[in-house]
Amino acid sequence: MSIPTPHPAPPAPSEPPATGRRRRWRAALVVVLAVLLPLGGATAWALDRFVVEHVEIADVSAYEAALGADASSRASEGATAGDGRSASTDGSDDASTSTTTVDGDTYTSDGTSITLSRVITGSGDDTVTYYVADVVLSDMTDLRSAFAQDAFGTNITETTSDIAADHDAVLAINGDYYGFRDTGIVIRNGVVYRDEGAREGLALYRDGHVEVYDETATDAQSLVDAGVWNTLSFGPALVEDGEVVSGVDDVEVDTNVGNHSIQGEQPRTAVGVVDENHLVLVVVDGRQEGYSRGVTMTELAGIVQDLGATTAYNIDGGGSSTLYFDGEVVNSPSQGRERGTSDVLYVADGA
């Protein structure tokens, strides 16, 4: 692809199977627990709350297939075997009927197109570098969600690129890190996973439109019945009705755990809505002097607004902010490497 990675990473070692990665992580966790648990109840609580994996659904792919989520979504859009599109369990069309092309920073597949761009503003310590994926979908159900390790629960993590590779994604961004908390409405690929309304959320509907909504004023099943395909629970809303939302720089999230501030100049990820089935996904790098300082929430809102978004929503940022395209991480994560996250949004190759 034509967009260079600004800070080339050293060659990665050959990747072991996912099961091997998970075994090593769990073995390391056992060592940590053995050392820290004797220190007292508070430490044990913190480890259990923020480190120990709590798996509620161990095989999400099988779970969604059993519920027939993909079949029902395709049927709701009038797609049947007779119209030349064959349904598959991963939500993408049969590869034999799709024509895909990658040309540098552009991807096309039937009615879906993705165009990547890198923008650099300012200079010196005021430099800001961000990446934009302009995504036009043939159908909103072609934008899917995937969970780390294909499991749902808390404290289950995997890098964005690993999750993307596991799902044959051509494009992926980090999600809302649902697994850091046990609140929020979580609907993914038309399936309800959690119904604990707590904050301002984003709902992406099967018919292609997107809305910011109050989680506490509804419930997950009502949203699914109304046609919601995916939800995100982080925030805040950045742009509504084409205007930057006032006061976004004062918003705090997850105030119950102490690490709640999202103010200041930070790496960030946002979803912007230009039109039905037309999104802009923005990843801003930060905390890297001379390359990108990061942006405030208001600056992020301005970036997405300038891209034509009439609605925009902030999702997990900081070390999680990652943009993956055509087999590689495009941006420069702030920790010098990818940080594990609990979920991604992605477009499958051939969607």
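Q: What makes residues 278–284, where V282 is found, a strand?
A: V282 is found in strand β17 (residues 278–284). Strands are DSSP runs of E, at least two residues, and helices are runs of H or I, at least four, both numbered from the N terminus. This is a predicted model, in which local features need pLDDT of at least 70, side-chain atom pairs count only at pLDDT 80 or more, and totals for chains, interfaces and linings use all residues. Residues are numbered from 1 along each chain as its sequence is written, and side-chain values use heavy atoms, with hydrogens and water left out.

Q: Why is V282 called buried?
A: Its relative accessible area is 0%. Buried means under 20%, exposed over 50%, and partly exposed in between, with a 1.4 Å probe and protein chains only. V282 is therefore buried.

Q: What is V282 in contact with, leaving aside its neighbours within four places in sequence?
A: Contact means heavy atoms within 4.5 Å. V282 is in contact with Y130, Y131, V132, R268, T269, A270, L300, I303, V304 and L307. Take L300: its C-alpha atom is separated from that of V282 by 8.8 Å, and the two residues are 18 apart along the chain.

Q: Which residues touch the most other members of the largest nonpolar core?
A: A nonpolar core is a set of buried Ala, Val, Leu, Ile, Met, Phe, Trp, Tyr and Cys residues joined through side-chain atoms within 4.5 Å. The largest has 53 residues, and I114, L171, L300, L323 and V347 touch the most other members. Apart from this core lies another, of twelve residues, among them A146, I163, A164 and A172.

Q: Which residues of helix α7 (residues 297–306) are buried, and what do they pack against?
A: M297, L300, A301, G302, I303 and V304 are buried. The buried residues of α7 pack against β5 (128–136), β14 (237–240), β15 (243–244), β16 (268–275), β17 and β18 (311–315). After α7 comes G308, with a positive phi near 100°.

Q: Why is strand β13 (residues 228–233) said to be largely enclosed by the rest of the structure?
A: Six of its six residues are buried, so the description holds.

Q: How do you know that β11 (residues 200–205) and β13 are joined?
A: Two strands pair if DSSP finds at least two bridges between them. Here five bridges join β11 to β13, and the strands run antiparallel.

Q: Why is the pair of F147 and Y193 called edge-to-face?
A: The ring centres are 5.0 Å apart and the planes are at 90°, so the pair is edge-to-face. F147 is in strand β6 (residues 143–147), 46 residues from Y193 in strand β10. F147 has a relative accessible area of 3%, so F147 is buried.

Conventions:
Phe/Tyr/Trp six-rings, centres within 6.5 Å; stacked < 30°, edge-to-face > 60°.
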